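Open the model in your viewer and keep the selection panel at hand. The stops below run from the whole chain to single side chains.

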Amino acid sequence: MKISAAILSSLVAMALAPSSMVLAQDGTPVIPTTPTESSYSCDSNTCKLPSCLCASTSPPNGLKPSEVPQFVTITFDDSIQAKLVETAHELLSVHNPNGCPAKGSWYVSMEYTDFSLVQQWYANGHEVADHTFSHVGSPSAQEISAARAMLHEYAGVPLGKIQGFRAPFLNYTAETLNEVQKQGFLYDSSATAVTEDCYWPYTLDNGMANDCWTGICAAGAVKLPGVWEIPMYAVLDNASMPQLMDVYLAGSDADVSSWTSTNFDRHYNGNRQPFGIYVHPTHLTTYPGLPDPSATKKALVDVIQSITSKPDVWVVSNAQLLEWMKNPVPASELAKQSYMKCDLPNTGKEICNGLQNITVAADTGVVSSSLLNSCNFNVTTWGTCFNCPSSQPTLDNPTPPAADSSRHAVPDNCDSIWWDPIAGQCLCTESSCAYKDTAVPVDQRNGTRADGSKADGGSAAVALSPLFSVAAVGTVVAGALSLFL
């Protein structure tokens, strides 16, 4: 009998966890059930939007809870595959008050990912974010940069649009957050918020205010100007135990529906901090020979449709959420904001930009299209609008030389939804769709950016003291065994 990595890591973590903590369902860190004293301090007179915001349970810029939107974020972790995307779309099958479809964020790890589907996800207005190359806890700088490089090279996502990071198993340290800033990410979303620390997103100019039980909130431990933390908001079950990832694994379908509704109402009728639903879609996807999760998936879809039927509820990506955080407006004005619109590009012809017609084989999930290249490396096959690499990408060499040069990479002056990689032409002809990517990738093998500058040049970060790794033992076990947590 095989024991899954999730179960094994959970057993290890349970054995080590203090009685005042509860283990998340997927082997992510144990979550304290009692508050931990914090030395976090922030002066709102000097820390001001759009670039700085103190951690607070109250809405930003003095807005009243009744004035602000109730944001719901539905996020997905790990590889992007055809069946998993189908599951994600089922969960996002609601519309916002402006009539636009709900948007989600996907924290993508590289193994088993089909990059043509990553591009499709991005082209349809969803967010693509970094979840490391090989899904390891407390990831190295190379793990982070390799994933970002592949998402850009093979999915065509502009580097400047890959703004977010989430640590696998939510297992991060001060060094992880320091690396997030060094590599130019806008935000991290790995920290847990329960009740007392149920803060709106905030910047790390004055340190971390969540997960203080790890020591991450100690004075001077983290100080990263301009980097945002988007906490992951826990759901309290019937016993007031916090649940975080994959809450639907923690109880019956009826229980989870009740917990979700109750905790959503706590946000909605309180200070309207964002409400999160955090999913590993593999748990909700049907596979031959495995238990059918359809009933659980339906229960989750039903509760999402229920909570989003209330006034002023908007389902957004974390990237959209931060656009609002930087310039908060009342709910009555949200529909007017450019980042909430849902226009698709009118390119005048079908191009390989993620919006082209594709076919997914029902039995294998393999994606095909007359415009796609198929990259086959024996153990894995994936599609891309761009050139296939000449060898299978690795952590040390995530973007090998191209097998041929018939396709054209996305330039820094055109968003990939307007870019024809076959013709090498940007079909954006108006200022309204113009784009300039100012992000510069980091080569972790020599510590330099593509422009030759040092990766830490000009960084405002102070030196960070090492912190112990959250749920380290569980991560070691799970990281060795699983690619799906």
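Start with the surface. The protein exposes about 19400 Å², and carbon and sulfur atoms supply 52% of that area. Accessible areas come from the Shrake-Rupley method with a 1.4 Å probe; for residues, only the protein chains shown count as cover. This is a predicted model: local features need pLDDT of at least 70, side-chain atom pairs count only at pLDDT 80 or more, and totals for chains, interfaces and linings use all residues. Residues are numbered from 1 along each chain as its sequence is written, and side-chain values use heavy atoms, with hydrogens and water left out.

Switch to cartoon. You have 9 helices and 23 strands (DSSP runs numbered from the N terminus: H or I of at least four residues for helices, E of at least two for strands). Of the 485 residues, 55% are buried (under 20% relative accessible area; exposed is over 50%, partly exposed in between). Contacts are heavy atoms within 4.5 Å. Among those between residues at least 6 apart in sequence, 67% join residues at least 24 apart.

Next, select Phe76, Trp106, Phe115, Met208 and Leu300. In the largest nonpolar core, of 94 residues, these touch the most other members. Such a core is a set of buried Ala, Val, Leu, Ile, Met, Phe, Trp, Tyr and Cys residues joined through side-chain atoms within 4.5 Å. Helix α4 (residues 141-155) gives the most to this core, with 7 residues. Another core lies apart from it, with 22 residues, including Val316 and Trp324.

Now show the rings. The whole structure holds 14 aromatic pairs (Phe, Tyr and Trp rings, the six-membered one for Trp, with centres within 6.5 Å; planes under 30 degrees apart are stacked, over 60 edge-to-face, the rest tilted). Zoom to Phe76 and Trp106: centres 5.3 Å apart, planes at 35 degrees, so the pair is tilted. Phe76 is in strand β3 (residues 70-77) and Trp106 in strand β4 (residues 105-108), so the pair ties together parts 30 residues apart in sequence. Both residues are buried.

Move to Phe377 and Trp382. Their ring centres are 5.9 Å apart and their planes at 45 degrees, so this pair is tilted.

Which ring lies under the charged end of Arg148? Select Phe185; the charge sits 4.2 Å from its ring centre (NZ of Lys or CZ of Arg within 6 Å of the centre and within 35 degrees of the ring normal). Arg272 lies over the face of Tyr268, at 4.3 Å from the ring centre.

Methods
Buried means under 20% relative accessible area, exposed over 50%, partly exposed in between (1.4 Å probe, protein chains only).
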